[in-house]
Amino acid sequence: MAFTLYSLLQAVLLIVNAVAVLHEERFLRHVGWGSDQGIGGFGEEPGIKAQLMNLIRSVRTVMRVPLIAVNSIAIVLLLLFG
């Protein structure tokens with residue numbers, strides 16, 4: 001199997017799918033990444049943990065509907081071209 005642009009896009013799609021299905025109460029809170037862990041003071045720069053939690057929340061919020069379409073297209077392409 002060659003390393004192509006399509007396989008790279010497919011890997012990115014799988015990673016975004018994995019981030020989109022992370023559940024905060026079931027998984028992230030048990031690892032110490034719950035929503036109440038990243039609260040900082042006023043005027044302080046958020047740490048890397050808080051930034052990653054914001055990224056995960058944003059991906060779950062914004063990419064929910066587009067992921068359905070992109071996954072459907074990827075499935076159809078795999079069925080057509082193997």
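What percentage of the 82 residues of the protein chain count as buried? In this predicted model, 17% of the residues count as buried, where buried means under 20% relative accessible area with a 1.4 Å probe, protein chains only. The chain has four helices and zero strands, in the order α-α-α-α along the sequence. Helices are DSSP runs of H or I with at least four residues, strands are runs of E with at least two, and both are numbered from the N terminus.

**Basis of the values**
- Local features need pLDDT of at least 70 and side-chain atom pairs count only at pLDDT 80 or more, while totals for chains, interfaces and linings use all residues.
- Residues are numbered from 1 along each chain as its sequence is written, and side-chain values use heavy atoms, with hydrogens and water left out.

**Contacts along the chain**
- Of the contacts with a separation of 6 or more, 66% join residues 24 or more positions apart; contact means heavy atoms within 4.5 Å.

**Helix 1 against helix 3**
- Helix 1 (residues 5–20) packs on helix 3 (residues 48–62) at an angle of about 100°, and their axes are 8 Å apart.
- This angle makes helix 1 roughly perpendicular to helix 3, a class that covers 65 to 115 degrees.
- Axes are lines fitted to C-alpha atoms, for helices over the stretch in contact, and angles run from 0 to 180 degrees between N-to-C directions.
- Helix 1 contributes V16, V19 and A20, which meet I56, V59 and R60 of helix 3.
- By class, this contact has five nonpolar, no polar and one charged residues.

**Helix 3 and R60**
- Helix 3 has 15 residues and reaches 21 Å from its first C-alpha to its last, close to the 21 Å expected at 1.5 Å a residue; the expected span is 1.5 Å times one less than the number of residues.
- Its buried residues are A50, M53, I56, V59 and R60, and their cover includes helix 1, helix 2 (24–28) and helix 4.
- R60 counts as buried because its relative accessibility is 18%.
- Apart from neighbours within four places in sequence, R60 is in contact with V19, A20, L22, E24 and L28.

**Helix 4 and the annotated region**
- Helix 4 (residues 64–81) has 18 residues and spans 26 Å from first C-alpha to last, close to the expected 26 Å.
- G82 follows helix 4 and has a positive phi, near 75°.
- An unreviewed UniProt entry places the feature "transmembrane region" at residues 62–81; such annotations may be inferred rather than shown by experiment.
- Residues 62–81 are 95% helix and 0% strand, with end C-alpha atoms 29 Å apart.

Note on methods: Parallel < 35°, antiparallel > 145°, perpendicular 65-115°, else oblique. Nonpolar A, V, L, I, M, F, W, Y, C, P; charged D, E, K, R; others polar. Buried < 20%, exposed > 50% of the residue type's maximum accessible area, 1.4 Å probe, protein only.
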